[in-house]
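This report goes through one chain under a few headings, and the sequence and structure are shown first.

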Amino acid sequence: MSRVGLRFPPGLTYETWERAGVQLAGVLDSSAWCLGDWLVCGQENYADRYTRAIEVAGLDYQTLRNYAWVTRRFPFDRRRAELSFQHHAEVASLDVEDQDEWLRRAEDGGWSRNELRRRLRTTREEAKAVAASTLMPRVPVARERMERWRAAALRSEEHLERWMVLMLDRAAEDALGTEPPGRDQHRAAGADGGRGRPVVPVQQKPKPGGGQS
């Protein structure tokens, strides 16, 4: 092994070659932690000289700054040896509690860095969607009225929450004379009287004798 690469002997077994790859990956990963710790030490103890040492060593300052930022976010006792430096970098911007929770999930689930990144992105997108929506106010109603609404929603083959939104939209349209946002995607073909209201299917009870009107 030298600064310019590795020479592998002839007849190298697969197992030995694989083990070398694992060792190299560990060295590469630990070097990020070590370089980050090295820069932090220099910044704290040699504030007037550490940049010169970086130049002498031929290191990229911006890359080192990124390493140092992650190492500062994770003291030694919170670094997980079973996860890579890049796992830690993915969650470094989170609060401490969230960092530990996501790293625990990644370790327990055997997630790769990319899998952790994907799950973080999905969670953030879901949080944005929730933040962009508005919850309906809590309104106290009599039990009998709620049961009546629930029965109407069931008859219309809708979930109660969606049925309530549809009815409120209809009432708002009658009062304001305008269609609510998003009506096009809910409008049914042949809506009543051409006014564009959603058709709410009502199941008819069969008449005695088996016939229907």
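## Surface

Accessible areas come from the Shrake-Rupley method with a 1.4 Å probe. On that basis the chain, which is a predicted model, has an accessible surface of about 16,200 Å², and carbon and sulfur atoms account for 54% of this area. Of the 213 residues of the chain, 20% count as buried.

## Fold

The chain has nine helices and zero strands, so that reading along the sequence gives the pattern α-α-α-α-α-α-α-α-α under the rule that helices and strands are DSSP runs. When contacts between residues at least 6 apart in sequence are taken, 42% of them join residues at least 24 apart.

## A nonpolar patch and Trp 17

A nonpolar patch on the surface is formed by Leu 6, Phe 8, Tyr 14, Trp 17 and Leu 24, which together have about 520 Å² of accessible area. One of these residues, Trp 17, lies in helix 1, which covers residues 14-45. Is Trp 17 buried or partly exposed? Trp 17 counts as partly exposed, because its relative accessibility is 48%, a value that falls between the cut-offs of 20% for buried and 50% for exposed.

## Confidence

The average pLDDT of the chain is 81, and 81% of the residues score at least 70. Over residues 185-205, however, the pLDDT is below 50, although this stretch has 35 contacts in the model beyond near neighbours in sequence. Where pLDDT is low, predicted coordinates should not be read in detail.

Methods: Residues are numbered from 1 along each chain as its sequence is written. This is a predicted model: local features need pLDDT of at least 70, side-chain atom pairs count only at pLDDT 80 or more; totals for chains, interfaces and linings use all residues. Side-chain values use heavy atoms; hydrogens and water are left out. Helices (H or I, at least four residues) and strands (E, at least two) are DSSP runs, numbered from the N terminus. Buried means under 20% relative accessible area, exposed over 50%, partly exposed in between (1.4 Å probe, protein chains only). Contact means heavy atoms within 4.5 Å. Patches are made of residues with over 30% relative accessible area and no salt bridge: like charges are joined within 9 Å, nonpolar side chains (Val, Leu, Ile, Met, Phe, Trp, Tyr) within 5 Å. A salt bridge is a side-chain nitrogen of Lys or Arg within 4 Å of a carboxyl oxygen of Asp or Glu. pLDDT is the predictor's confidence in each residue, from 0 to 100.
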